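Trainee: Could you walk me through this model while I have it open? I'd like to go piece by piece.

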Amino acid sequence: MAGRFAPRPTRTTVRGGQVGVPAGVPRQASVAGRVRTYVPPGPLDLRLVLGPLRRGPGDPTFRAMPDGAVWRASRTPLGPGTLRVAAQGAAVRAEAWGPGAEWLLERVPELLGAADDPEAFVPRHRVVALARHRRPGLRLTRTGLVLESLIPSILEQKVTTDEAYRAWRLLVRKFGEPAPGPVPGRMCVMPDARTWALIPSWEWHRAGVDNKRASTILRCVRVAARMEQAVGMAPEDARARLEVVPGVGPWTSAEVVQRSHGAADAVTVGDVHLPGIVGFALAGDRDADDAVMLSLLEPYAGQRHRAARLILLSGRVPGRRAPKMPVGDIGRL
């Protein structure tokens, strides 16, 4: 669930609450790229908006810098590209490099929530109203790209986030390509569909990815063009198309359209933690299941994902009653 827990000051929250800043990361020498200036229609928190796109603190496709800038490396329909966005007063300066630069710059407004309508949201609970008041810069991003959210979401199925983040980091660094432009550190663009399809079975194993998840990714990349066409559909239709692929269910499709479409109503079901968090925040019921969660979120119909995101950002989560799930590594077997 994008924005799962309350933000911490020194690192990213699980699946994108607010992006933390890596300390001591040097900026490389500047190389001019294509530039665009965008003026958002209201308050905008770059790290809060783009946080859900970051897959762990070591994500090679994402960097948040001490100067407030956010860097993303993406594989666009026109090829690899790197985008840097930074606030400049009331405006946002976007600079891009690589074959996909023009494509990335054209979609900066949607990436920063221009297609989102926060004013359509009406809080029905005090905890939600307070979270919204404290986070006026929250808008729902829309990337316009499916595979870059679909593949890491599949990696996150049925494992701890640490295991999924490690697998994404290892696979992208080994089989991706260097991000174009004067990127900070070692940034990479994720592999193209053909490269994903040619990854040997033992490399999936070394990255800790079991055969079920690897097979699901292979089925998706073999119909990559059809997957990307889902961007032009309504979120529910897009989810239906994604779920045609065996191994992609409601949990995964919701995680994807939240990012690719900015779907305000795509609440995640089938999650281990989310029902209990929502149930605890809205009704004091830490044992709530999906049915109870959906019932509690019914007053937010049309905006259920935004409501869940605000609940997660509120920090009102139940305390642990058991040790954390142990992190496995099948690559050692």
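Predicted model: local features only at pLDDT ≥ 70, side-chain atom pairs only at ≥ 80, totals over all residues.

Trainee: Is E95 buried or exposed?

Mentor: First find E95 in strand β5, residues 91-97; helices (H or I, at least four residues) and strands (E, at least two) are DSSP runs, numbered from the N terminus. The relative accessibility of E95 is 8%, so the residue counts as buried.

Trainee: Which side chain makes a polar contact with that of E95?

Mentor: A polar contact is a pair of N or O atoms within 3.5 Å; within protein, one must be able to donate a hydrogen and the other to accept it, and residues adjacent in sequence count only if both atoms are side-chain atoms. The contact here spans 3.0 Å, and the partner of E95 is R93.

Trainee: Which strands pair with β5?

Mentor: Two strands pair if DSSP finds at least two bridges between them. Strand β4 (residues 79-88) is joined to β5 by 7 bridges in the antiparallel sense, with A87 opposite V92. On the β1 side (residues 34-38) there are 5 antiparallel bridges, and R36 has A94 as its bridge partner. That gives β4 and β1.

Trainee: Which residue in the turn between β4 and β5 has a positive phi?

Mentor: Those two strands form a hairpin with 2 residues between them. The phi in question is about 70°, and it belongs to G89.

Trainee: How many residues of β5 are buried?

Mentor: The strand is largely enclosed by the rest of the structure, because its buried residues number 6 of the 7.

Trainee: How many residues does the largest nonpolar core have?

Mentor: A nonpolar core is a set of buried Ala, Val, Leu, Ile, Met, Phe, Trp, Tyr and Cys residues joined through side-chain atoms within 4.5 Å. In the largest one, L150, W196, W204 and V209 have the most contacts inside it, and the total is 29 residues. Helices α5 (147-155), α6 (161-175), α9 (211-222) and α10 (224-229) each supply at least two residues of this core.

Trainee: How many residues of α5 are buried?

Mentor: This helix is mostly covered. L150 is one of its buried residues, and the count is 9 of 9.

Trainee: How many aromatic pairs are there, and which rings link into a cluster?

Mentor: Rings of Phe, Tyr and Trp (its six-membered ring) pair if their centres lie within 6.5 Å; planes under 30 degrees apart count as stacked, over 60 as edge-to-face and the rest as tilted. By this rule there are 4 aromatic pairs. F121 and Y300 have ring centres 5.4 Å apart and planes at 15°, so they are stacked. The cluster linked by ring pairs is W168, W196 and W204.

Key:
Residues numbered from 1 in each chain as written. Heavy atoms only, no water. Buried < 20%, exposed > 50% of the residue type's maximum accessible area, 1.4 Å probe, protein only.
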